[in-house]
Amino acid sequence: MRIKNSHSSKPKPPPAVETSESIAEQVAAFLKSGGEIQKIAKGVSGQGAPSRHIRIGK
């Protein structure tokens, strides 16, 4: 008989409840409050800052 370890299993995340209608309402509220949507060209990355990785050298 196999016993499942309750400590190693993670609970499932709640299911996604967003709908296209609720997202459209959120976008409309964002724009109404003065928010602005920017179109980013294809292939452009938002990761322009230098890497924060630690480098260990000689």
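Here are legends for a few close-up views of this predicted model.

**View 1. Helix α1 and what follows.** The 13 residues of α1 should span 18 Å at 1.5 Å a residue, and the end C-alpha atoms agree, sitting 18 Å apart; the expected span is 1.5 Å times one less than the number of residues. After α1 comes G34, with a positive phi near 100°.

**View 2. I23 on the helix.** I23 belongs to α1, residues 20–32. Its relative accessibility is 43%, so I23 counts as partly exposed (between 20% and 50%).

**Notes.** Residues are numbered from 1 along each chain as its sequence is written. Local features need pLDDT of at least 70, side-chain atom pairs count only at pLDDT 80 or more, and totals for chains, interfaces and linings use all residues, while side-chain values use heavy atoms, leaving out hydrogens and water.

Notes
Helix = DSSP H or I, 4+ residues; strand = E, 2+ residues; numbered from the N terminus. Buried < 20%, exposed > 50% of the residue type's maximum accessible area, 1.4 Å probe, protein only.
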